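Morning, everyone. Let's take a quick look at one chain, then at one residue and one ligand.

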Amino acid sequence: MENAGFSARCLLFGLSSFFLLVQTSDGDISYSIPEERNVGYVIGNLAKDLGLNAKTLSVRNTRLDVDDERKRYCDIDLKTGDLTVADRIDRERLCGLKSLCVLKYEVILENPLELRRISIEITDINDNSPVFANDVVKLEITESAAKGARFAVNEARDADIGDNRVQEYKLQENNYFSFLFHKTPGQETYGELVLEKELDREKEQELRLLLTARDGGNPPKSGSVVIHVTVLDANDNSPVFSQSVYEVKLPEDTSIGTTITRVSAIDADEGANGKVTYGFAHLSEDMLEMFTLESETGNLILSANVDYERQTTYELKVECKDGAGLASFAKVVIDIDDVNDNVPTIQLKSLNNPIPENTQPGSEVGIINVQDRDSGKNRQINCIIQGNVPFVLKPSIKNYFSIVTTDELDRELISSYNLTITATDEGTPPLSSSKTVQMSVSDVNDNAPVFEKQKYNAFVTENNRPGTSISSVTASDPDWMQNGTVLYTLVPTVVHGIPVSSFISVNADSGVIHAVRSFDYEKFRNFNVQVIARDNGSPPLSSNVTVSVFITDENDNSPQILYPAPDEKSLMTEMVPKAALSGSLVSKVIAVDADSGQNSWLSYQIVKSTDPGLFIIGLHSGEIRALRDITESDSMKQNLVVLVKDNGHPSLSATCSVYLLISDNLSEVPELKDMANEESNSKLTFYLIIALVLVSTFFLTFIILIVAVKFCQRRKPRLLFDGAVTIPSAYLPPNYAEVEGAGTLRSSYNYDGYLTTGSRTSDFKFITSYNDSTLNASGALKQNPDDSNIISLFDSGDSQEV
Ligand SMILES: *[C@@H]1O[C@H](CO)[C@@H](O)[C@H](O)[C@H]1NC(C)=O
Ligand SMILES: *[C@@H]1O[C@H](CO)[C@@H](O)[C@H](O)[C@H]1NC(C)=O
Ligand SMILES: *[C@@H]1O[C@H](CO)[C@@H](O)[C@H](O)[C@H]1NC(C)=O
């Protein structure tokens, strides 16, 4: 191994390479190509040899695993699946004199991660000629040398191997020497000049012979050297090395300047002829830089750092020479000892990043490769992931480790991990290195939105403005981006037969609930709606919540007086028996209020009466009772104005007039006319009235005449008020459930009608009875809405406010 040009790196792991080759598994794919092929040369179809198609190679991101430090000689063409030459492959540079030169690569395929090994044997071509170290070889031989004496000649070197190496030497025809070439297989080759005939200095002082070396290539190549033999006097002796081979062991961390060994030779001659000097015989440039041989002392000194990882052994040919120029050769073999001087290296070969949070425990998410360029124990590596993370390393093939999850991941808890991978070798002291890999966890839509409350209540006061916001719902979803974006919608249900969307709406983004219409507490008081919160994932997740909407009352309804009927202005007159005693019930005002609670609490009071001391009204019952016994002196007609008020803030009220007639008999009413307090301010009206009275008088007289012809019959009083009032059910608004003090008015309640005068509109109405049917009839008669007091039995002059 004299050629220092072969670096161990290029020897592809040196000895271990050979070792690996021996343990080549069946799965390996082997190729063999000659060196020096052009770039792009197809070594073989990798896809086919892996049993895959080219497309799969590309999909699985197939690549050759090449150390950063190493040169890439091959490539995979993902289009065709071919393995091609990527750079010049010079076998001599890669492997030197090694008989087997193999490039080894690992092919990495992802999804699933898979590692296949390929080996490419590089075969030799005869691209190097034999080369002698010098152009001239000088030999000095004494004339006394015996026939058959041998003289070593530095052989020619050929960088090729096998048959392409030097196979034969040819010495130019001469009388004295022949050339002997020793090439026993497995041993060093060397050449010797053999003296065939004694020399005679007197005849010939020097000889020049051409030696040609020829390799066994096809075609063969050759190189030659001139051997210059000088014939010396008989008394000269060659120096002789103390050993033919010096063997030294050198730790790789030996410092520069250290004396590696000392070579020494002895020369039997005296004086200048016996003075020995040392030198290298045949050494390449870079080896000359590494070693220095002191010519006087024979000390071999290290002049550059050695590296076990680059080269493990060195062979140096050394030469000693005496003053007369006689020389001999010896060999120094230096074995470099490994020292743990390389830290392990960690390479990330593949990483699924980010990994989805629903990755199953035990899934392989990445692959790393660790290397240590030392050997033996120094390259045994232990590799772990530090810290409390749900990832471990699992040893895979050779120096590969898989990064495997050990637990379930939850992006909402931890969204990324820093994995610190530490590799430690087993040297003493151990060396270690670490690498941090950032691993992100990507989102999966695994969380449904969650409402902040289990149930929401919304209160809205009736008569609200449409569009008022009445409440808002909020749901949160911890997922990422659209998977965590919450949209709100209403469940399309039906409330009171109406789609809920016409009552309220929910803002899809904000969850604010708006009233779509104005609510009326008197129509309904509460309803439930369901709001769905849905995220934007695919598929989306959702949850729902019930929102109860309560409509609160507002005092928006005035009391409504049912009795006496307010609209009719009013033909109702209560008969009060003359003998009514103090405390007897004479009438009852019945009113209701559509509001509820305080807003519907009604109170009654008399605000105006003909005789203030005569009647009293129950504050809450509305019952009108005599305050004292009725006497003869009391006026026959009594008018009361009753105010009905609710308890709202502010309160609303209504008034009505109650007409009472103290009499046992209708015929006893003499001054009916007076009771109608006519204040006609229109002359026209006045004249019309006179005209009408005349016509009416005439008409009445006519009727009375006809009646008198038949028979004359006195009418009995038909109405006796007994304190009980029955309200015709048709009076009640349809929705009223409660009627305060639901009393009883006799349905056979009957009034007699009297002709009376109207207002300036001068309408005449003639009504004979006041019951259910006549009420309708009078409604029909009333054509002009301005006719507020057309027909009235007793017109007190108080207008009713409702
Ligand atoms: C991971 O390392 C980066 C950079 O050193 C740092 O910013 C980040 O906070 C680390 N993350 C965790 C989860 O520790
Ligand atoms: C949302 O979740 C789905 C799986 O459910 C995932 O494929 C997607 O990448 C997620 N989106 C984001 C923005 O993380
Ligand atoms: C509301 O949620 C319950 C369970 O949480 C579910 O059973 C129901 O179907 C949901 N309703 C709607 C309208 O989505």
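What share of the 802 residues of the chain counts as buried? The figure is 43%. Keep in mind that this is a predicted model.

Some overall numbers. The secondary structure comes to 8 helices and 51 strands. Take the contacts in the chain with a separation of 6 or more: residues 24 or more positions apart account for 68% of them. The chain exposes about 41900 Å². Carbon and sulfur atoms supply 51% of that area.

Now zoom in on aspartate 374. Where is it? In the loop between strand S26, 364–371, and strand S27, 381–386. Aspartate 374 is buried, yet it has no salt bridge. The nearest side chain of opposite charge belongs to arginine 373, and that is 7.5 Å away.

What does aspartate 374 have instead? Two polar partners to point out. Its side chain makes a polar contact of 2.8 Å with the side chain of asparagine 342. A polar atom of the aspartate 374 side chain also lies 3.3 Å from the backbone nitrogen of aspartate 341. Leaving aside residues up to four places away in sequence, aspartate 374 touches several others, among them Glu252, Glu309, Asp338, Arg379 and Asp425.

Last stop, ligand 2. Which residues surround ligand 2? Asp443, Val444, Asn445, Trp480, Met481, Gln482 and Asn483. On its own, ligand 2 has 360 Å² of accessible area, and the protein covers 59% of that. An oxygen atom of ligand 2 is 3.0 Å from a polar backbone atom of asparagine 445. At asparagine 483, an N or O atom in the side chain is 2.3 Å from an oxygen atom of ligand 2.

That's the tour. Over to you.

Terms used: Residues numbered from 1 in each chain as written. Chains lettered and ligands numbered in written order. Predicted model: local features only at pLDDT ≥ 70, side-chain atom pairs only at ≥ 80, totals over all residues. Heavy atoms only, no water. Helix = DSSP H or I, 4+ residues; strand = E, 2+ residues; numbered from the N terminus. Buried < 20%, exposed > 50% of the residue type's maximum accessible area, 1.4 Å probe, protein only. Lys, Arg positive; Asp, Glu negative; His and termini not counted. Salt bridge = Lys/Arg side-chain N within 4 Å of Asp/Glu carboxyl O. Polar contact = N/O pair within 3.5 Å; in protein donor to acceptor, adjacent residues only side chain to side chain. Contact = heavy atoms within 4.5 Å. Near = heavy atom within 4 Å. Areas by Shrake-Rupley, 256 points an atom, 1.4 Å probe, with all protein chains shown as cover.
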